[in-house]
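This briefing is for a reader who is meeting the structure for the first time. Please look at the sequence and the model below before reading the points that follow.

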Amino acid sequence: MRLTHLALTNFRNFTRLDMDVPAGAVLLVGENAQGKTSLLEAVYFLATMVSFHASSERQVVNFLEARQPLAVARISAEFSRGPQNHQLELRLIQEANGLNGEAHLRKEVLLDGVKRKSSEAVGQFNAVLFLPQMLSVIDGAPEERRRYLNLSLAQVISHYPATLAEYNRSLTQRNALLKQLAERQGDPAQLDYWDASLASSGAQLMVARIAAVQDLERLAARTHSELTRGKEVLRLVYQPAYEPLPQKPGQLAMPLNAPVDRSSLTVETIRKGLLEALIRLRSEEIARGVTTIGPHRDEMRFLSNQVDLGTYGSRGQVRTAMLALKLAEVGWMHKKTGHWPVLLLDEVLAELDIPRRQDLLQRLSQSEQALLTTTDLDLFTPDFIARTQLWQVAGGRVSPS
Ligand SMILES: Nc1ncnc2c1ncn2[C@@H]1O[C@H](COP(=O)(O)OP(=O)(O)OP(=O)(O)O)[C@@H](O)[C@H]1O
Ligand SMILES: [Mg+2]
């Protein structure tokens, strides 16, 4: 997979950008606040159709443009996927008709000139993103891990984005109904439809997550063992909020220290079990006014030598595990799609010690295309710089240097 051309209009501080993108490693060099991260953000949008800044998607529209009544930011790209060339355009349109008159961002997607739903466009172009703040996937809140899983899976499993959207819709409706039943009573049978819908989409999400965590663990553990010179064993543990495996009476969750294999469970088995559990919990959930089980409450833990890195990991241990996970994601995407994803690395080198830095640079040189950002060229070996295209980023402009 390779990006060949990128054009931006009113995307953050890029009022206008139009550039061909070379293959191999491209090093974006620039001082602070010049647009390096924004450029990677734009490219990542093409893979996932969302920003990697979870909360602030509306803020991508250039702020001068955003004062206009119908402001539009545009990301347009050409890319090659094996022998095929494609064109992908994402328009982010700021509309003033959101809740409480707040601006609302509408997305329009064109793939090869044809309008598509954004859930259909996700994963046409694949990218893996490395950000220093991504350590929070390991040591932050559970949402971060679910978001990580969702963004990676959406790129690789074609039904995932639509299934996730359906799940979230059903969840919102079900929660609203639960609250309504708690406050004003009514017939609980109104929940039947949403229970069925939630169980059906939820089971598909869970099966995808079970397989992905298992694949990622296998790949990440191998890299992690190399990075720690065999001293540490990394494990990824999926902890579904609804446990589909039979449990002993009184047992609250599967033990962390023994591997649990859920790979033989089918969508149908999980759907049935999840539906039964929702019905069993019905009166409790009406009283609480929320849905308490299902993929929106799933957890994933990272263990090194049986120690939970989220709680007890040192900074260095968390960094190493994250690097192993990201490299695993690259190999996993290749395995699942048949193409190497484009790598986007924002200032990550600065975070790593010298052996890890060299290791990462060496692995990078195997990829078809990688975009790296830095404020400091000295982090890179002369040998690496010689094999890299250097681009200067200044004030929302990019020029070869
Ligand atoms: N919607 C927007 N419109 C215009 N400018 C914006 C918008 N959003 C962010 N900016 C500005 O764009 C500039 C570039 O930000 P960016 O994060 O890409 O910089 P950077 O080169 O990665 O810097 P650093 O080295 O500090 O990470 C910043 O000055 C930021 O304030
Ligand atoms: Mg930056």
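Glutamine 306 counts as exposed because 9 C-beta neighbours lie inside 10 Å; a residue is exposed if 12 or fewer other C-beta atoms lie within 10 Å of its own, buried if there are 20 or more, and partly exposed in between, with C-beta atoms placed from the backbone. The model is predicted: local features need pLDDT of at least 70 and side-chain atom pairs count only at pLDDT 80 or more, while totals for chains, interfaces and linings use all residues. Residues are numbered from 1 along each chain as its sequence is written, and chains are lettered from A and ligands numbered from 1 in the order in which they are written.

**Overall form**

- The protein chain has 12 helices and 15 strands; these are DSSP runs numbered from the N terminus, with helices (H or I) of at least four residues and strands (E) of at least two.
- The radius of gyration is 22 Å, close to the 21 Å that the globule rule gives for 401 residues, so the chain is as compact as a globular protein of that length. The radius is taken over C-alpha atoms, and the rule is 2.2 Å times the number of residues to the power 0.38.
- Along the principal axes, the C-alpha atoms fill a box of roughly 70 × 60 × 35 Å.
- Of the 401 residues, 40% are buried.
- Among contacts between residues at least 6 apart in sequence, 72% join residues at least 24 apart; a contact means that the C-beta atoms, placed from the backbone, lie within 7 Å.

- An open sheet of 6 strands has the order 2-1-4-5-6-7 with antiparallel pairing, where two strands pair if DSSP finds at least two bridges between them.
- Strand 4 (residues 72-81) and strand 5 (residues 84-95) are joined over 10 bridges, and arginine 81 has glutamine 84 in strand 5 as its bridge partner.
- Helix 1 (residues 36-48) lies across strand 1 (2-11), strand 2, strand 4 and strand 5, at about 110° to strand 1. Such angles run from 0 to 180 degrees between N-to-C directions, and axes are lines fitted to C-alpha atoms, for helices over the stretch in contact.

- Strand 3 (residues 24-29) runs parallel to strand 13 (residues 369-374), with 6 bridges between them; glycine 24 stands opposite glutamine 369.

**Ligand 1**

- The ligand is surrounded by 16 residues, of which the closest are Asn13, Asn32, Lys36, Thr37 and Ser38; a residue is near if its C-beta atom, placed from the backbone, lies within 6 Å.

**Positive phi values**

- Arginine 12 is not a glycine, yet has a positive phi of about 45°. Arginine 12 sits in the loop between strand 1 and strand 2 and is partly exposed, with 19 other C-beta atoms within 10 Å.
- Glutamine 306 has a positive phi near 70° and belongs to the loop between strand 10 (299-304) and strand 11 (307-308).

Conventions. Two residues are in contact if their C-beta atoms, placed from the backbone, lie within 7 Å.
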